[in-house]
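Please open the structure in your viewer and keep a selection tool at hand. The tour goes from one selection to the next.

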Amino acid sequence: MKSIFARHGIPEVVISDGGPPFDSFALKEFFMEWGIEHNTPSPYFSRSNGQVERAIKTLKRSLIKADREGKDIYLVLLDYRISPSPDLASPAKLLMGRKLRSMLPCLSKQLKPKYPIKDTLKHRQNIQNNYFKSNSNLKPLKVNLHVWFRKLPKEPWIRGKIVNIGPKPRTFTICAENGKMYVRNRFFIRKDKSNKFYENVRTPEDFYSSEEQEIVVVPDNNQQNTVVLPNNAQPTSRFGRKLTQPKRYGFE
């Protein structure tokens with residue numbers, strides 16, 4: 001990292017995953033000494049670091065294809081770095097302010113530095129912000145709120161209580177019923193508006209087929225409670241089957 005920072009300057013923020021190489025005491029001490037803020041995405045939520053994940057995926061495909069076809073890997077890397085996106089300049093031009101000379105012929109004036117990217121970046125950020133707002137209907141959460149959350153992406157929902165917000169955006173620290181602490185993204189958290197404690201409850205997936213719905217009431221299996229759903233929706237199982245209450249138990 002020191003050689004990269006000596007060439008391109010010291011960044012204000014470094015974003016990485018939460019793997020062991022980026023969680024050592026030596027690295028934390030290095031970032032503190034050099035005045036660098038270290039941010040990591042939410043656990044088990046790679047979409048919060050989607051820009052890096054997408055770049056790695058594209059680069060892996062290019063390198064695998066180059067190895068299969070016997071091409072020079074460094075020329076493949078050069079082609080990747082000089083390729084612009086539909087609405088933004090290439091990575092090389094964003095970094096150096098000019099095009100890089102490659103195996104393709106080009107005019108000498110095209111290699112002169114230019115920096116007309118500020119307005120383009122602002123426009124792209126506005127589009128991404130509007131898209132995020134239009135596709136996210138999960139409301140903000142507060143401290144001391146009882147919630148349902150997932151320890152892992154595909155595990156059942158369990159009860160907990162929010163004890164802290166942040167420090168990362170849309171990230172919350174949750175205390176589970178067994179006393180353990182978990183840090184999870186808002187995507188893996190659903191509000192529990194019942195404010196009651198139930199034992200031997202069913203999982204919310206038994207009543208909801210949508211990932212974006214909020215949990216209102218999860219009843220006790222030993223009581224004849226009514227499942228309350230948002231907007232009077234029909235309760236469904238995790239496989240999409242409609243749940244109907246049997247008449248032999250006295251339900252209407």
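This is a predicted model: local features need pLDDT of at least 70, side-chain atom pairs count only at pLDDT 80 or more; totals for chains, interfaces and linings use all residues.

Residues are numbered from 1 along each chain as its sequence is written, and side-chain values use heavy atoms, with hydrogens and water left out.

Begin with the aromatic pairs, of which a search of the whole structure finds 6; rings of Phe, Tyr and Trp (its six-membered ring) pair if their centres lie within 6.5 Å, and planes under 30 degrees apart count as stacked, over 60 as edge-to-face and the rest as tilted. Select Phe30 and Phe31, a tilted pair with 5.7 Å centre to centre and 40° between the planes. Both Phe30 and Phe31 are buried (under 20% relative accessible area, with exposed over 50% and partly exposed in between, for a 1.4 Å probe and protein chains only).

Phe30 and Trp34 both belong to helix 2 (residues 25-34), 4 residues apart, about one turn of the helix; helices (H or I, at least four residues) and strands (E, at least two) are DSSP runs, numbered from the N terminus. Trp34 is partly exposed, at 26% relative accessible area.

Finally, select Arg190 in strand 7 (residues 189-191), which is buried with a relative accessible area of 1%.
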